[in-house]
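Subject: Structure handover and notes

Dear colleague,

I am passing on the structure below, and my notes on what was found in it follow. Please read them with the model open beside you.

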Amino acid sequence: MDSNSPNPQHSGSAPVPSGSNERDIANRRNRLMRITQRTIDTDDSSRSSSSSSFSDMEDNNNEVDEGNEQGDFGANSATSEHGPEGEEMPEDEAARLFEDYIRERESSATEIYNTELPTEHAYLGKMERVEGVDYLEPGKTYRLPIYSHHSIVYPGEIVPLMLNDSNFYSSNDSSDGLKFGLVFQNQYSDSGRVYGVTCQVYERGSEGLSALLKTVAQQRFYIVRHSQERRADVKILPEIVLPDPLISCCSNAMVRYAYSSRKDRLTSFKRLLTQTTVWPQFVYDQYDTKEVMAKVERFLSSLNITSVQTDKVKLSFWLARNIPLTEEYRKMIFCTDSVLRRMLIINKALDHMWYFICKRCESEIANYDDMFAMSKQGVQTSYCNPSGYVHDTLTVHKTKENSTLPVERPSTNFSWFPGYSWQIIVCANCRQHLGWKFVAEKKNVLPKSFYGLSGTNITVKSHGDVKKTEDEFNVTARTPASEEQLDYEELSEFDSSTDEELY
């Protein structure tokens, strides 16, 4: 033993050389590596053999290190599996080191799912690009090909479709691209009108007699007259954006003070303006979108959505699509021309905590705070199944315990989310089809699993149900069916689907 080495009997009180800390860290690392190699099961035989050789090499290095440490520092590092003074390493410390190491490995290899992929609808196969954008003038009447749809589609949505019409391309001879109208089954308003939305095709393909289309919804309309061969005369609805009622009544010289970047100055300016008007400030506040925008920001932060539409018209439709709303409220928003009125309806809905229930038996399926955006389009997006049925699919992290049951085997065919397998789920109470469970094929992809709930078979309910008076939003009064409704019902019979096709 070296004469310069400290006496082992005084090692507990004598100062420890600086090299001892480095060797102690090395010993812990080596012990951790051996624990990891014994714990992790590998399927690849070559990896297993390389792991064992790596472990042997580490053991040899440890033996050399132990010999050197014993010759240099005595009992300060006397063993590879024990701590100082020959005491065995505590199990909780070993477990902590092992968990830290595994967490470090998982975090370095974790892959966050690309939310751009679902918007491409790659499951439809290879398609060709369609050039041209054709916007129609609000208030005017146009003749368009018409197809029925089972749910409301808002402007701005991407809608994949399979149309069983071999003559679709020949009937669209516009030089500004392909355009047609979607009308909604059983979505009638106070005047008995049949409402719909224009769709612009941006990619197209074919499969047998079916036309494969990727479309974007653009403008709202209602049917004026129904003609033969799936065509109708439609009137394009306007999007009315009203100015701030206080700002619009001030002079041009004062307007520049209304657009201050400081909120306190703007508030003071509005307070000053109300002193020159007949009505008090709270009356004007009822028509201000400041409150609803604050609620919207909180809603978006809860979903971890950082980028949305800044245009007021597009934002009102995006919110109507992505916040929990009853069918009645969705229809009210669609039929309303005023953007401000839409935002006031959304503001009322955001005051309630919603949860999702089965449409048939009203069993609770998922909570409001379980929603998340798996697609760049938002939390609820349209996808098309192999039979051509379009599902408005809401993505949630999880469903309530024992609320759903998986049926059939998982499959990756025609998956709406590339890299995930899907499995049909039904209501545990009434066996109604509710949607699908998606599971990542790769272990390092996040989220590892999630659920897609079909908007056809779920609805929303509030812990304090929203009660609407006729004076608030009087756009849903029932009237006898018009001739346009009867014509449309005949049209929708052609597009009826069987239960098997709905999955």
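Helix α9 (residues 290-302) packs with α12 at an angle of about 55°, the two axes lying 9 Å apart, where axes are lines fitted to C-alpha atoms, for helices over the stretch in contact, and angles run from 0 to 180 degrees between N-to-C directions. α9 is therefore oblique to α12, given that angles under 35 degrees count as roughly parallel, over 145 as roughly antiparallel, 65 to 115 as roughly perpendicular and the rest as oblique. Helices (H or I, at least four residues) and strands (E, at least two) are DSSP runs, numbered from the N terminus.

Before going further, please note that this is a predicted model, in which local features need pLDDT of at least 70 and side-chain atom pairs count only at pLDDT 80 or more, while totals for chains, interfaces and linings use all residues. Residues are numbered from 1 along each chain as its sequence is written, and side-chain values use heavy atoms, with hydrogens and water left out.

The crossing of α9 past α12 is left-handed, a term used if the near helix is turned anticlockwise from the far one by less than a right angle (right-handed if clockwise). In α9, Glu291, Val292, Met293 and Lys295 meet Met343, Ile346 and Asn347 of α12, contact meaning heavy atoms within 4.5 Å. By class, the residues of this contact of α9 with α12 are 4 nonpolar, 1 polar and 2 charged; here Ala, Val, Leu, Ile, Met, Phe, Trp, Tyr, Cys and Pro count as nonpolar, Asp, Glu, Lys and Arg as charged, and the others, Gly among them, as polar.

Helix α10 (residues 312-322) also packs with α12, at an angle of about 30° and with the axes 10 Å apart, which means that α10 is roughly parallel to α12. α10 passes α12 in a left-handed crossing, and the contact joins Lys312, Val313, Ser316, Phe317, Leu319 and Ala320 of α10 to Val339, Arg342, Met343 and Ile346 of α12. The residues in the contact of α10 with α12 comprise 7 nonpolar, 1 polar and 2 charged.

As for helix α11 (residues 327-335), its axis and that of helix α12 (residues 339-349) come within 9 Å and cross at roughly 160°, so α11 is roughly antiparallel to α12. α11, too, passes α12 in a left-handed crossing. Tyr329, Met332 and Ile333 of α11 meet Arg342, Ile345, Ile346 and Lys348 of α12, and the contact of α11 with α12 has 5 nonpolar, no polar and 2 charged residues.

Two backbone details deserve a look. The peptide bond from Leu446 to Pro447 is cis, with omega near 0°, and Pro447 lies in the loop between β16 (445-446) and β17 (449-454). Glu408, found in strand β13 (residues 404-411), has a positive phi of about 60° although it is not a glycine.

Finally, a search of the whole structure finds 1 cavity of 30 Å³ or more, a cavity being a set of points on a 1 Å grid over the protein atoms alone where a 1.4 Å probe fits but cannot get out, with lining residues having an atom within 4 Å of a point. About 40 Å³ of space lies in the largest cavity, volume being the space filled by probe spheres set on the points, which are joined across faces, edges and corners. Asp244, Pro245, Leu246, Lys270, Tyr284, Asp285, Tyr287 and Asp288 line the largest cavity.

With best wishes

Methods: 1 Å grid on protein atoms, 1.4 Å probe; cavity = no way out; pocket = protein on both sides within 12 Å on 5 of 7 lines; lining within 4 Å.
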